[in-house]
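Student: Can we go through this one together? I'd like to start with a pocket and then look at some helices.
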Amino acid sequence: MNYMKKLAIVILNWNGAEMMRQYLPSVLANSVGDVIVADNASSDGSVPMLMKEFPDVPLIKFNQNYGFAGGYNKAFAQLPDYEYYLLLNSDVEIRQKDWDAPMLKYMDEHSDCAACQPKLLALCPPQTVKCQLSTINSQLSTLNYQLSTINYYEYAGAAGGFLDKYGYPFCRGRVMDTIEQDKGQYDEIIPLMWATGAALMVRAYDWRASGGLDDRFFAHMEEIDLCWRLRTMGRNIVCIPQSQAYHLGGGSLNQGNPRKTFLNFRNNLVMLYKNLPDNELDSVMRMRWFLDYLAALHFLLKGDPKNAHATYKARHAFNKIRKDLLADRARIAKLRKMDRVPERTDFSLLWQYYVKGKKTFAELMHQ
């Protein structure tokens with residue numbers, strides 16, 4: 001196919017008028033790709049604001065909220081002439097001139113690569129650091145200045161993602177809730193299991209060949225599901241550390257929100273059921289039954305019945321659609337070129353983190 005255009009940077013917005021006003025200018029000023037906004041039927045005045053304050057930015061308007069997955073599927077369907085797509089969250093700030101150019105260069109030079117991400121850094125320091133600072137009044141201004149020169153990886157993707165045996169994701173730079181400072185320790189370009197949906201560049205051909213995002217996910221983990229399919233197809237995924245983006249995170253649902261808990265647990269089970277090879281399906285799903293109800297018990301013991309109930313609801317919702325996923329398994333089996341994706345580890349992340357005390361990516365991978 002002969003493409004007329006190179007890169008479409010699509011920001012999917014839903015009731016994020018203030019974030020768009022704050023962060024969109026940095027994307028426009030520092031990107032080589034074409035910046036486009038797709039709006040998921042916002043009710044906060046986002047569309048009038050964009051038309052007034054950013055009249056030159058192309059705007060795709062939907063008549064309902066299709067979620068992250070459905071919104072991007074519909075947006076990209078209206079952009080068939082691009083060679084690459086870049087999914088970019090509305091709460092991402094760009095500080096690097098031509099930040100997307102290194103990713104484009106790598107993709108152009110590596111036809112075996114289906115997708116990549118930048119190094120994703122935290123726009124705000126980890127909460128633990130903020131709390132420490134608030135207790136040191138006399139040195140606060142000095143420490144704030146020092147902190148502004150320190151980069152921490154961002155929870156949502158850091159320097160690229162991996163998956164453990166039972167479907168729990170982790171990153172170079174973020175394992176569970178442990179977030180590392182960026183000291184260049186993960187600047188090597190290596191194969192990944194998944195790239196973050198907060199700033200994901202994907203080849204349009206591979207997007208279509210893999211089927212794009214699964215609309216049923218609505219939001220959360222849909223990019224891991226997509227990347228697992230791409231890796232199963234034998235396509236590579238990497239992080240390009242020469243490209244950097246700063247992510248606020250939690251723009252739609254905060255950590256601890258029961259709706260987020262429901263989506264994470266349900267979507268993770270759907271992803272596993274769709275993508276696991278036949279010889280692992282039964283054993284992994286049995287272990288996840290145990291681990292999920294253990295998580296629900298943990299929520300209850302913490303005095304959090306809403307998230308405990310969300311975990312139970314997630315399993316119930318998964319069981320309702322499990323038979324429908326058999327067609328997905330058959331379709332993925334036809335695309336499969338490798339049974340075991342190397343970046344899906346043989347160990348249990350929960351065991352390594354909570355029992356053996358391995359808190360960083362480097363510690364985990366040096367078994």
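Tutor: Start with a term: a pocket is an open set of grid points with protein on both sides within 12 Å along at least five of seven lines, and its lining residues have an atom within 4 Å of a point. Keep in mind that this is a predicted model.

Student: OK. Which residues lie nearest the centre of the second largest pocket?
Tutor: Ser210, Gly211, Arg229, Asp328 and Arg331 do, out of 14 lining residues.

Student: And how much space lies in there?
Tutor: About 150 Å³ for the second largest pocket.

Student: Which helices supply at least two residues of that lining?
Tutor: There are three entries to find: α7 (204-210), α8 (222-232) and α12 (326-335). The largest share comes from α12, with 4 residues.

Student: What does the lining have by class?
Tutor: The lining of the second largest pocket has 7 charged, 4 nonpolar and 3 polar residues.

Student: Switching topic. At what angle do α8 and α9 cross?
Tutor: Roughly 15°, with the axes of α8 and α9 (residues 258-275) coming within 10 Å. Angles under 35 degrees count as roughly parallel, so α8 is roughly parallel to α9.

Student: Left-handed or right-handed crossing?
Tutor: α8 passes α9 in a right-handed crossing.

Student: Which residues meet there?
Tutor: From α8, Ile224, Asp225, Trp228 and Arg229; from α9, Met271, Leu272, Lys274 and Asn275. By class, the contact of α8 with α9 has 4 nonpolar, 3 charged and 1 polar.

Note on methods
Residues numbered from 1 in each chain as written. Predicted model: local features only at pLDDT ≥ 70, side-chain atom pairs only at ≥ 80, totals over all residues. Heavy atoms only, no water. 1 Å grid on protein atoms, 1.4 Å probe; cavity = no way out; pocket = protein on both sides within 12 Å on 5 of 7 lines; lining within 4 Å. Points joined across faces, edges and corners; volume = space filled by probe spheres on them. Nonpolar A, V, L, I, M, F, W, Y, C, P; charged D, E, K, R; others polar. Axes fitted to C-alpha atoms, helices over the stretch in contact; angles between N-to-C directions. Parallel < 35°, antiparallel > 145°, perpendicular 65-115°, else oblique. Left-handed = near helix turned anticlockwise from the far one by under 90°. Contact = heavy atoms within 4.5 Å.
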